[in-house]
Amino acid sequence: MIKAPNKLQDLRRRIYVKAKAEPAWRFWGLYTHVCKLETLREAYKMAKRNNGAPGIDGVTFEAIEEAGVETFLERLREELVSGKYQPMRNRRREIPKGGGKTRVLSIPAIRDRVVQGALKLILEPVFEADFQPGSYGYRPKRGAHEAVRRVTHAVNQYKHRVIDIDLRAYFDNIRHFILLAKVARRVDDKEVMRLLKMSLSATGKKGVPQGGVISPLLSNIYLNEVDKMLEKAKRVTSDKYTRVEYARYADDLVILVDAKAEKDWLLQGVGRRLREELSKIQVEVNEKKSRIVNMANGESFGFLGFEIRWIKGRRGKWWPLCTPQTDKRTALLRKLKEEFRRYQSQPAGRIIERINPILRGWVTYFATGNSGRTFNYIREWVEKKMRRHLMRAGKRGGFGWRRWSKTWLYENLGLFHDYRVVYGGSPSAVLST
């Protein structure tokens, strides 16, 4: 979980231990801890680390620190304790999603981010104790790489029929009354529930804001019963081997089922139960984008930006191949090309300042599975673009192969070159956990 100051960390640990030991316990007296200056200070640090644009009030971190952070936090605490606190409307901002589509980010004011952060610090250990092993999104010490490895491990165990589910506008359609009822099963504190309800209302009549500090936690709470159903399906259908596996990262969910023909009923049964559980919380399945994949027939599926397929290696052994999806690579190259175009008249160092963070972020995310070939392609593409930029600056043609060595590009110019794959190459490396 979030690393916090000792007293706050001890409190969070005690809450987690209690929640884990007593699954039916409803916590009270939490609001006092939300309002503590220690909690608000930590929530402010979290918000500042994430930085981000100002909310609808236009107040920036620089303005807050100029006026005094302690004064800002004291005022916020007084509003919370007196019951006068009211969240502002979120500022809405559209960002490109790919394929001509956009995603709407809801940006809370910094004061509201701090309050949401304080709520998260106190509520997270309660619900972290309830979350299931197959849930990976926005959770402590878990991430996309672990989720992908869980999936490739299941593929290697011959779970080759995949239910690839797409949830229609999941974050935008979370019903507040259902979410609040789920939180209330574990929280018996009127002030906390009132504060949470106000924070949700700032987004509209339904949905949790993509950009809200507490939204990831709430989105996991909303789908936790679905995870529990899948854990039960996994448990009750197991004999010597498990016949069902699943992995969920936020609203990205895949279910893998045993490939044997006699398990056809299981494939149908799990799919039906999943839809029943989703209908209870009014989450719609996008049937056009959802499908059943049979990997034994050469079909593949995407999960968290990776393409996963079952292939036969050179020595005749079958294993799961996990590579970055082609459209993710295309999007990266398009973004890099735009940077080279925009700064074509600038020195090479300026271009490198722009593209290195983009490359570092993309490569770090995809540095698992079998990304080596894709990384080689990207590295060679970037090298050529960099050489063309240098040659144009000298009003020359070609790529300057003899003029500049690779070592010079990387060591002297400082071009990003850390294309290592953490779990790449061999099947055993892909499957190590």
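User: What does contact mean here?

Analyst: This model is predicted. Two residues are in contact if they have heavy atoms within a set cut-off. That cut-off is 4.5 Å.

User: Which residues of α9 does α6 meet?

Analyst: Start on the α6 side. Val115, Gln116, Leu119 and Leu123 take part there. Their partners in α9 are Val192, Leu195, Leu196 and Ser199.

User: How many residues in the contact of α6 with α9 are nonpolar, polar and charged?

Analyst: Sort the contact residues by class. No charged residue takes part. Two are polar. The nonpolar ones number six.

User: Why is α6 called oblique to α9?

Analyst: Helix α6 covers residues 110-128. Its axis and that of α9 come within 11 Å and cross at roughly 135°. Angles over 145 degrees count as roughly antiparallel, and 65 to 115 as roughly perpendicular. The crossing angle of roughly 135° therefore makes α6 oblique to α9.

User: Is the crossing of α6 and α9 left-handed or right-handed?

Analyst: The two axes cross at roughly 135°. The hand of this crossing is left-handed.

User: How many residues of the lining of the largest cavity are nonpolar?

Analyst: The lining has no charged residues. Two are polar. The nonpolar count is five.

Definitions and conventions: Residues numbered from 1 in each chain as written. Predicted model: local features only at pLDDT ≥ 70, side-chain atom pairs only at ≥ 80, totals over all residues. Heavy atoms only, no water. Nonpolar A, V, L, I, M, F, W, Y, C, P; charged D, E, K, R; others polar. Axes fitted to C-alpha atoms, helices over the stretch in contact; angles between N-to-C directions. Helix = DSSP H or I, 4+ residues; strand = E, 2+ residues; numbered from the N terminus. Parallel < 35°, antiparallel > 145°, perpendicular 65-115°, else oblique. Left-handed = near helix turned anticlockwise from the far one by under 90°.
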